[in-house]
Amino acid sequence: MPLILREGDITTIPCDAMVNAANTSLLGGGGVDGCIHRAAGPGLLEECRTLGGCETGSAKVTAGYNLPCQYVIHAVGPVWLGGIRGERRQLESCYRTALALAAERGCRSIAFPLISAGVYGYPRDRAIRVAGDIIGQFLETHEMDVYLVLYTESAYRQACRLLPGAVRRGG
């Protein structure tokens, strides 16, 4: 299966697992994280409080609550510090860990936002390439529908240019 690019709001994508671009506390924040927490309802925050946070480059799983998914995989991406402090390795680890957690749970579909490319400042073109590389490697050996959901039209168009082998599905 190829990577599938979608434009729009990740909280509306029906899938088995939805990835949250979380912070280390897992207690909600801005951007995608805030949107997912609001859409999921208070049960998500209550469950996140029991997890003890999460390290950068890793991920933890909760139920999906009011979202159109069974699981939320909270992946903590790196803050961009110029690319000299292992940011790429940490971002790759986010994607690998989230995909492994979804596979362990028998998921047939997963939706990712573009991790770290918002408030965390990771350059969008680099973030798109990391997502494409890691998801592409995963799909060489796994059968799963993997969506990369880009919130803005400009991000979606950029992903279409940088990942020409991906299937394109607009909003």
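Student: How do you know that E2 and E5 pair?

Tutor: Two strands pair if DSSP finds at least two bridges between them, and E2 and E5 have two bridges, in the parallel sense. Strands are DSSP runs of E with at least two residues, helices are runs of H or I with at least four, and both are numbered from the N terminus. This is a predicted model, in which local features need pLDDT of at least 70 and side-chain atom pairs count only at pLDDT 80 or more, while totals for chains, interfaces and linings use all residues. Residues are numbered from 1 along each chain as its sequence is written, and side-chain values use heavy atoms, with hydrogens and water left out.

Student: What makes E3 and E7 edge strands?

Tutor: The open sheet has seven strands in the order E3-E4-E2-E5-E6-E1-E7, with mixed pairing. E3 and E7 (167-169) each have a single partner strand, so one side of each is left without a neighbour in the sheet.

Student: In which sense does E4 pair with E2, and in which with E3?

Tutor: E2 (residues 17-22) and E4 pair in the parallel sense over six bridges, with Ala75 of E4 as the bridge partner of Ala21. E3 (residues 59-63) and E4 run antiparallel, joined by five bridges, and Val61 has Ile73 in E4 as its bridge partner.

Student: Why is E4 called largely enclosed?

Tutor: Buried means under 20% relative accessible area, exposed over 50% and partly exposed in between (1.4 Å probe, protein chains only). Six of the six residues of E4 (residues 71-76) are buried, so this strand is largely enclosed by the rest of the structure. Both faces are covered: Tyr71, Ile73 and Ala75 are buried on one side, and Val72, His74 and Val76 on the other.

Student: How many aromatic pairs does the structure hold?

Tutor: There are two. Rings of Phe, Tyr and Trp (its six-membered ring) pair if their centres lie within 6.5 Å; planes under 30 degrees apart count as stacked, over 60 as edge-to-face and the rest as tilted. The centres of Trp80 and Tyr122 are 4.8 Å apart and their planes stand at 65°, so this pair is edge-to-face.

Student: Why does Tyr122 count as buried?

Tutor: Its relative accessibility is 4%, and Tyr122 therefore counts as buried.

Student: What makes the pair of Tyr95 and Phe112 tilted?

Tutor: The ring centres of Tyr95 and Phe112 are 5.0 Å apart and their planes lie at 35°, so the pair is tilted. Tyr95 belongs to helix H3 and Phe112 to strand E5, 17 residues apart.
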